[in-house]
Amino acid sequence: QVQVVESGGGLVQAGGSLRLSCAVFGSALDITAMTWYRQNPGIEREFVAVIPSGGNTGYADSVKGRFTISRDSAKNTVNLQMNNLKPEDTAVYYCRATIRKGLTVNNYWGQGTQVTVSS
């Protein structure tokens, strides 16, 4: 059984910073990538940042230069450092773990953490 748990959301003023964390729990995990998405009500979930195992990180244009994704492979955790936050960054942030088991690859989602940026 795989469990993905996000933490670190909250309320911050514009220009402030928050650090989100995502932990993946399970046994014998082969995590090929960890990705952050965000979503507002009535809007499609959008990509924020990705960190593949052994590959380059990727960011949405809207967060480049402000957000940094990092991974602690030993602990199966990923962090999203968010600086210079803007009101338009307000959303529920979700972490997705892409896990390979044999020939199968599955995605596992966390429950989400709310980020609210006030102007």
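Between which two strands does the loop that holds Arg66 lie? In this predicted model, in which local features need pLDDT of at least 70, side-chain atom pairs count only at pLDDT 80 or more and totals for chains, interfaces and linings use all residues, Arg66 lies in the loop between strand E6 (58–59) and strand E7 (67–72). Residues are numbered from 1 along each chain as its sequence is written, and side-chain values use heavy atoms, with hydrogens and water left out.

The protein has zero helices and eleven strands, where helices (H or I, at least four residues) and strands (E, at least two) are DSSP runs numbered from the N terminus. Along the sequence the pattern is β-β-β-β-β-β-β-β-β-β-β. The radius of gyration is 14 Å, close to the 14 Å that the globule rule gives for 119 residues, so the protein is as compact as a globular protein of that length; the radius is taken over C-alpha atoms, and the rule is 2.2 Å times the number of residues to the power 0.38. Along the principal axes, the C-alpha atoms fill a box of roughly 45 × 25 × 25 Å.

Of the 119 residues, 41% count as buried (under 20% relative accessible area, with exposed over 50% and partly exposed in between; 1.4 Å probe, protein chains only). The protein exposes about 6400 Å², of which carbon and sulfur atoms supply 47%; accessible areas come from the Shrake-Rupley method with a 1.4 Å probe, and for residues only the protein chains shown count as cover. Among contacts (heavy atoms within 4.5 Å) with a separation of 6 or more, 53% come from residues 24 or more positions apart.

Two arginines were examined individually. Arg38 lies in strand E4 (residues 31–39) and is buried, with a relative accessible area of 5%. The Arg38 side chain makes a polar contact of 2.6 Å with the side chain of Glu46 and another, of 2.9 Å, with the side chain of Asp89. A polar contact is a pair of N or O atoms within 3.5 Å; within protein, one must be able to donate a hydrogen and the other to accept it, and residues adjacent in sequence count only if both atoms are side-chain atoms. Not counting residues up to four places away in sequence, residues touched by Arg38 include Val48, Phe67, Asp89 and Tyr93.

Arg66 is also buried, with a relative accessible area of 8%. Leaving aside neighbours within four places in sequence, Arg66 is in contact with Gln81, Met82, Asn83, Asn84, Leu85, Lys86 and Asp89.
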